[in-house]
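Grab a pencil and work through these exercises with the structure in view. Try each task before you read its solution.

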Amino acid sequence: VWYMVVAPSHREVRSLKAQVESAKALVCEDAAAGHDEPLLVMDQLGTRMDRLYAWANASGEPSKLYEEYRRLAQKAGVRVDRIDPGSPASFKGQAGTEFRGESFVCSVDITGEFPRIVKFIESCSKELGSARVSSFRLAGGTTDQNLVAASVETTHLRMERPAVQANAEDA
């Protein structure tokens, strides 16, 4: 889970934090000179951080996943037979970071034609935020020769946003 789901987001958060710190230094240097550009940079970085957390948390609420899976299934043209969200597991980032969150695995059983099942699996990877398809199994045996049963397991990530520390100058 760490290398597949958490590590890429962790690197992005670390990069954005470094950029924010650099922008803060520019603001301090240029504030006395009356330049507004660093403030614009800080605002843009804040917006990127907000988008990253929104993306990472898009699939982090198990209760909302039922609706999302049903929406994706309808869009792909498959039938959802069962949705089974697993229990969340907490994780922390590398030592010295404030990076924390939860991950959980969800299993979805679907039935449909093979190309539509492929479309559903692709949609899970692209449209559920930081969710990743971790495995899938196909099984025949349905009464209709064209239909295939599939079990798709997805891993989901929800990141906790670190508390913002106000600088003494801001207070």
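**Exercise 1.** Is Asp 109 buried or exposed?

*Solution.* Start with the ground rules. This is a predicted model, where local features need pLDDT of at least 70, side-chain atom pairs count only at pLDDT 80 or more, and totals for chains, interfaces and linings use all residues. Residues are numbered from 1 along each chain as its sequence is written, and side-chain values use heavy atoms, with hydrogens and water left out.

Next, get the cut-offs: buried means under 20% relative accessible area, exposed means over 50%, and partly exposed is in between (1.4 Å probe, protein chains only). Asp 109 has 19% relative accessibility, so Asp 109 counts as buried.

**Exercise 2.** Which residue does Asp 109 meet in a salt bridge?

*Solution.* First, the term: a salt bridge is a side-chain nitrogen of Lys or Arg within 4 Å of a carboxyl oxygen of Asp or Glu. The partner is Arg 82, at 2.9 Å from N to O. Now place the two: Asp 109 sits in strand 3 (residues 100-113) and Arg 82 in strand 1 (residues 79-85), 27 residues apart. Helices (H or I, at least four residues) and strands (E, at least two) are DSSP runs, numbered from the N terminus. Finally, Arg 82 has a relative accessible area of 37%, so this residue is partly exposed.

**Exercise 3.** Find what Lys 75 pairs with, and say which parts get tied together.

*Solution.* Lys 75 forms a salt bridge with Glu 127, and their closest N and O atoms are 2.5 Å apart. Lys 75 lies in helix 3 (residues 62-76) and Glu 127 in helix 4, so the pair ties together parts 52 residues apart in sequence. A search of the whole structure turns up eight salt bridges.

**Exercise 4.** Which residues form a nonpolar patch on the surface?

*Solution.* Patches take residues with over 30% relative accessible area and no salt bridge; like charges are joined within 9 Å, nonpolar side chains (Val, Leu, Ile, Met, Phe, Trp, Tyr) within 5 Å. The members here are Phe 114, Val 118, Phe 136 and Leu 138, with about 350 Å² of accessible area together (Shrake-Rupley method, 1.4 Å probe; for residues, only the protein chains shown count as cover). Helix 4 (114-127) and strand 4 (132-139) are the elements that give two or more residues to the patch. Take Phe 136 as a check: this residue is found in strand 4, and at 46% relative accessibility Phe 136 counts as partly exposed.
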